[in-house]
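Hi,

Here is the structure I promised to send over. Have a look at it first, and then read on for my notes.

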Amino acid sequence: MSGNGIAQIVVFLLVVTALTPPLGIYMHRVLENRRIPGVSRVLGPLERLIYRALRIDPAREQGWKAYAGAVLAFSAASFALLYAILRLQGHLPLNPNDYPGMSWHIAFNTAASFLTNTNWQFFGGESTLSYLSQMAGLAVQNFASAAVGIAIMAAVVRGFARRGSGDLGNFWADLVRVTLYILLPIAVVLGIALGSQGVIQTLDDPVTYQTLEARTLGVTGEDGRPLTQSIYRGPVASQVAIKHAGTNGGGYYNSNSAVPFENPTPLTNYLELFWEVVLAFALTYTFGLMVGSRRQGWAVFAAMMTILVVAIAVVTPLEQRGSEVLQATGVELSATGDQAGGNMSDKEVRFGPVSSALFAAVTTGTSTGAVNAGHDALTGAGGAVPLALMTIGEVAPGGVGSGLYGMLLFIVVAVFIAGLMVGRTPEYLGKKIGAREIKLTMIGVLVVPIGLLVMLAIAVTTSAGTASIFNAGPQGFSEAFYAYASQWNNNGSAFAGYGATEFSATMGGIAMMLGRFAPVLAVLALAGALSHKPVAPFSAGTLRTTTPTFVATLIFVILLVAALNFIPALALGPIATELSGSPF
Amino acid sequence: MRRFLRPLATAAGMIVVFTVLLGLAYPLAMTGVAQVLFPAKADGSLVSLEGEVVGSELAGQVFTSPAYFHSRPSATTPAYNPSATTFANLGPNTLALRDAVDGYIAQALALERPHNPGLRAEDLPVDMITTSASGIDPHVSVANARLQAARVAAVRDVPEGRVLELIDDNTEGRSLGFLGESGVNVLLLNLDLDRLAGPPARS
């Protein structure tokens, strides 16, 4: 890889690390309900107005059942409204192309997708959606689902941190505060920055014009009339900003962040990447502050960052090296002064192999799922990297909030295993881990891999399932594997050859809901159980969870769980693609 | 019963508040800001010729005439369709990809070899024989544009040196000097070419 390629990656990771403490401190103030100079003055009245209008008492604490009930109620209301908008968009305003309502199965999949922060897309925005569906349907859930993730994380951490109260906070207050004080300001700033670089932001109708060759040479299209292009527009920058900052990833356009109207320059590419990863990392610092030990936060940060760095270091040279087919042509695949080389299939010139590979790792290390290159065309081994990052459970660093509560489940497993090995009572942050806690943790850790493998088996052995497969050979298996890994883990990226059918859309919608809410209920129940426990004093017999040894153990546990579940599937898919000597 | 209904009522109210605030007020306010600060970009970076819109800086176009620089292969239907962007989605080690790439190589050689004697498949830049991710990639690599310069100069009957200068003028470098890759904007280059040499003759 070129020196410039390495510089792009190193600078990126350094900026993320440098901004983890300040952003972590800010989010801690928000979640602890403290006044924030300047911001509270502007947004405080709006916050209190919402509480008054909906008769919410933000100081009223909820136990885990009430908190989970509020999460489910809000998600149900979100589903109902989004499904209705998508189905009825043909009768609603701001529909310049007169698109009809979505079919029931795509609307079901899409509503499930956006309310669970997945943003899997069985539709192309520019060819199926009204401006209203984008801005008042999808973009609203981009805020809401991200805020729900951070709220749940806050509740779970309170369960670990508090001493015997049983209370986890107030969901409605967490939801409103996270949205107003964290997500909205970031979206405004990022949206304006993106707009300044060329991301579209208008309510004007699509624009249609004759192309240059049509005007100068009279070139015609298939209909015999002068060749035209039509650009679908709308409020793009405002939606793309929260799409990344909220680790959502749903593209305004079908080709997502590859489309120049939502990602016009390498600079916007880095802004989008930066904001999709930095909050998830910064929340580790917030976690450290909430449990009263910044070292605990840094230990989680170290585990997440180590996995992500390894993934970036693996996928980038693979994409620079190029695919088997491109290698066989003999063309230059190294970067030279006037071209970037690499596996340019389904990649954009302005990003090249390095910015595309970095994007592929970050978008799947987080649960964003935006793409700036076609993942179906990634090299065989290169495509295994996003698959691996998803199948470890979206914890490196995962989605905003969801990555951290997912990691806490793995920490409990690691503490338990380490405790067994050295003969100590497993405890974390002074809370003893008992049989009930371990049961809930195992449910939280294992529901997703088991459900994923069952659905994958159905999808590759029934004719209804295989109808979605586009590519031949092991690549076709990889498409199905990727689809269910992505949807169960709420990522949303795809090996996009995988097609929408009533079967795949329905299964996928169920996968996304179970993949979101089963671990959420398990981890909230775990937090509820832990919140009743007293905190044991730190002693010589306490397993230390801030040492490099523990971080290594934690990473090992994460990889072990994923390896035991997914090595066979990886071998049937991307590894077979990579190792097969000739194309199939 | 109240225990279940109360959260549902709050939830319904909350999603309405979210939709009004984040789904209407926020995008409308952002549209207002963008339209004041950078209206041309907010409208899609449209490019006009003699007062009429002829394209966008951010969307590539199909060029078929040898008098123009050509864009990369595109997987959209028809090619370079901004209303239906898509990847090609061909797996990295598949016969389908090999056949597609072989086709792009044959096309490129047929077009360029008459003006680049001895041109071989392995001399082609990789972005010339691969589809882009959006299907409307506005750029080609500098190597790609330079390879086409000999043909365009010959067909237009202008010195190749002038054409190479136009390529330099339309090369967009890396952001901040090190982010991403540089590329040549094909539509803007062809517009400059028309300004230099006049529109190509209709056959």
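Predicted model: local features only at pLDDT ≥ 70, side-chain atom pairs only at ≥ 80, totals over all residues.

If you want to look at the pairing itself, go to β4(B) and strand β5 (residues 183-185) of chain B: they run antiparallel and are joined by two bridges. There you will find Glu172(B) opposite Gly183(B) in β5(B). As a reminder, strands of a sheet pair through backbone hydrogen bonds, either parallel or antiparallel.

While you are in that part of chain B, look at the loop between β4 and β5, where Leu176(B) sits. Leu176(B) has a positive phi of about 55° although it is not a glycine. Leu176(B) is also exposed, because there are 12 other C-beta atoms within 10 Å and a residue with 12 or fewer counts as exposed.

Zooming out, chain B is split into domain 1 (2-39) and domain 2 (44-197). Taken over C-alpha atoms, the centres of domain 1 of chain B and domain 2 of chain B are 42 Å apart. Another spot in chain B to check is the cis peptide bond between Thr77(B) and Pro78(B), with omega at about -15°. Pro78(B) is in the loop that runs between β2 (52-56) and α3 (95-112) of chain B.

Now for chain A, which has 20 helices and four strands. Its radius of gyration is 24 Å, close to the 25 Å that the globule rule gives for 584 residues, so chain A is as compact as a globular protein of that length. Along its principal axes, the C-alpha trace of chain A spans about 80 × 60 × 50 Å. Of those 584 residues, 62% count as buried. Among the contacts in chain A between residues at least 6 apart in sequence, 78% join residues at least 24 apart.

There is some strand pairing in chain A too. Strand β1 (residues 207-210) of chain A pairs with β2(A) in the antiparallel sense, over four bridges. Val207(A) has Ile231(A) as its bridge partner in β2(A). Strand β2 (residues 228-231) of chain A has two faces: Gln229(A) and Ile231(A) make up the covered one, while Thr228(A) and Ser230(A) are on the uncovered one.

Ala396(A) and Pro397(A) are joined by a cis peptide bond, with omega at about 0°, and Pro397(A) lies in the loop between α14 (380-391) and α15 (402-422) of chain A. Then there is Thr247(A), with a positive phi of about 45° although it is not a glycine. You will find Thr247(A) in the loop between α9 (236-245) and α10 (266-290) of chain A. Is Thr247(A) buried or exposed? Thr247(A) is buried, because it has 34 other C-beta atoms within 10 Å and 20 or more is enough to count as buried. For context, most residues other than glycine have a negative phi, and most peptide bonds are trans.

Last, the place where the two chains meet. The contact takes 111 residues from chain A and 100 residues from chain B. Which element gives the most to the side of chain A that touches chain B? That is helix α3 (residues 64-88) of chain A, with eight residues. By class, this side of chain A has 54 nonpolar, 43 polar and 14 charged residues.

Leaving aside its neighbours within four places in sequence, Leu54(A) is in contact with Thr10(B), Gly13(B) and Met14(B). Leu54(A) is partly exposed, with 17 other C-beta atoms within 10 Å. Within its own chain, the C-alpha atoms of Leu54(A) and Trp172(A) are separated by 9.9 Å, though the two are 118 residues apart along the chain.

Cheers

Conventions
Residues numbered from 1 in each chain as written. Chains lettered and ligands numbered in written order. Contact = placed C-beta atoms within 7 Å. Nonpolar A, V, L, I, M, F, W, Y, C, P; charged D, E, K, R; others polar. Pairing = 2+ DSSP bridges. Domains from an automatic or database assignment. Rg over C-alpha atoms; globule rule 2.2 N^0.38 Å.
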